[in-house]
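Hi,

Here is the model I said I would pass on.

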Amino acid sequence: MSDNKRPETMERITTPELANAFIDEEIAKLRAQIGEGKVLLALSGGVDSSVVAAMLIKAVGKQLTCIHVNHGLMRKGESEEVIRVFGEELGANLIYVDATDRFLDKLAGVSDPETKRKIIGGEFIRVFEEESKKLSGIAFLGQGTIYPDILESDGIKAHHNVGGLPEDVEFELVEPLKFLFKDEVRVVGKALGLPDSMVYRQPFPGPGLGVRCPGAITRDRLSALREADAILREEFEKAGLMGKVWQYFTVVPDFKSTGIKGGKRSFEWPCIIRAVNTKDAMTATIERVDWDVLERITDRITHEVDGINRVLYDLTPKPTGTIEYE
């Protein structure tokens, strides 16, 4: 059997009992693999890397070092949650790098989507590389590889949370989740005691809010996008949509329209809401959100977020649209 093929006898992890059994088995394997060695993990705050971090903390404790790079394109409160959960509650060796200015300065004036992605991905690799070179004795690299990654890309997770490796260093990979599907990872995360906000976090692209801020990213438009997104997530949770809708987010495009705010003419951005359901991300349908919910979100965004005077709801399925905007 291939090392990258899920065992046919492996039972689907659907209950806390099965999750705990899996955790016990994997912790034993991790301790046997790592021994007294040191492990490095790029911790994005997404569910996969978070579950790997929690497992490695249980298995080898302070032998693990996590690096969390804030590229300035995170959703509201995400980096703070990583610091709180892993740095304070779980006591991990956590290196936090606020590289916001570094990333946004590199992105200034860049409007081409692919160029933006390359800048974000390349800069992340450089930051991670710089930080990892400050450490000594690292022999292992933890990765949040899950089974769909193996099926799609021969086991190499090409997201930004993998980070870059120093060219002169070879790490042995540590991939405790590589035979799990996303729903199983969430069950394991719950069993490990991670908060729901982390376990059930929605898919989030490596370039983060950069792909939801079309055109050249500016700090004021990015700030408006982040605040609008936080309101959308809060109101969807209140309405019971958090676990019902596969993915929902806001987009703030790079154009303005006339409106009226505070009894005066305004010339500000629109905010686009996108809420889609899908099984495989190849096609997607639009969630029919209750009108009262949309009205409440619209009222909050237009009155609480500086720079936005309109809210639009995207009705485009995939195809013809894609899920993200860039």
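Below are my notes on salt bridges, aromatic rings, charges over rings, one glutamate and the cysteines.

A word on the ground rules. This is a predicted model, so local features need pLDDT of at least 70 and side-chain atom pairs count only at pLDDT 80 or more, while totals for chains, interfaces and linings use all residues. Residues are numbered from 1 along each chain as its sequence is written, and side-chain values use heavy atoms, with hydrogens and water left out.

Salt bridges

The structure has 32 salt bridges, where a salt bridge is a side-chain nitrogen of Lys or Arg within 4 Å of a carboxyl oxygen of Asp or Glu. One of them pairs the side chains of Arg102 and Glu123, at 2.5 Å from N to O. This pair links distant parts of the chain: Arg102 is in helix H4 (residues 100-107) and Glu123 in helix H5 (residues 113-133), 21 residues apart. For the element names, helices (H or I, at least four residues) and strands (E, at least two) are DSSP runs, numbered from the N terminus.

Arg102 also forms a salt bridge with Glu130, and there the closest N and O atoms are 2.8 Å apart. Again the pair links distant parts of the chain, from Arg102 in helix H4 to Glu130 in helix H5, 28 residues apart.

How do these side chains sit relative to the surface? I call a residue buried under 20% relative accessible area, exposed over 50% and partly exposed in between (1.4 Å probe, protein chains only). Arg102 is partly exposed because its relative accessibility is 29%, and Glu130 is partly exposed too, at 39%. Glu123, with a relative accessible area of 2%, is buried.

Another salt bridge joins Lys134 to Glu131, with 3.1 Å between the closest N and O atoms. Here Lys134 is exposed, at 62% relative accessible area, whereas Glu131 is buried at 13%. Elsewhere, salt bridges that share partners tie Arg75, Glu78, Glu81, Arg84, Glu89 and Arg201 into one network.

Aromatic rings

Searching the whole structure turns up four aromatic pairs. The rule is that rings of Phe, Tyr and Trp (its six-membered ring) pair if their centres lie within 6.5 Å; planes under 30 degrees apart count as stacked, over 60 as edge-to-face and the rest as tilted.

Tyr147 and Phe179 make an edge-to-face pair, with 6.2 Å centre to centre and 65° between the planes. Tyr147 is in helix H6 (residues 147-153), while Phe179 is in the loop between strand E5 (172-174) and helix H7 (182-191), so that the pair links distant parts of the chain, 32 residues apart. Both count as buried, Tyr147 at 10% relative accessibility and Phe179 at 18%. Together with Phe181, Tyr147 and Phe179 form one aromatic cluster.

What is the geometry of Phe236 and Tyr248? Their ring centres are 4.5 Å apart and their planes are at 40°, so the pair is tilted. Phe236 belongs to helix H9 (residues 219-238) and Tyr248 to strand E6 (residues 247-251); the pair links distant parts of the chain, twelve residues apart. Phe236 is buried at 0% relative accessible area, and Tyr248 is buried at 4%.

Charges over rings

A charge sits over a ring if NZ of Lys or CZ of Arg is within 6 Å of the ring centre and within 35 degrees of the ring normal. Arg75 has its charged end over the ring of Phe204, 3.9 Å from the centre. Lys256 lies over the face of Trp269, 5.0 Å from the ring centre.

Glu268

Glu268 is in strand E8 (residues 264-277) and is buried, at 16% relative accessibility. Its side chain makes a polar contact of 3.3 Å with the side chain of Lys261. (A polar contact is a pair of N or O atoms within 3.5 Å; within protein, one must be able to donate a hydrogen and the other to accept it, and residues adjacent in sequence count only if both atoms are side-chain atoms.) Apart from neighbours within four places in sequence, Glu268 is in contact (heavy atoms within 4.5 Å) with residues including Phe255, Lys256, Ser257 and Ile308.

Cysteines

There are zero disulfides in the structure, a disulfide being a pair of cysteine sulfur atoms within 2.5 Å. Cys271 is in none; the nearest cysteine sulfur, that of Cys213, is 11 Å away. Cys271 is buried at 0% relative accessible area, and Cys66 is also buried, at 0%.

Cheers
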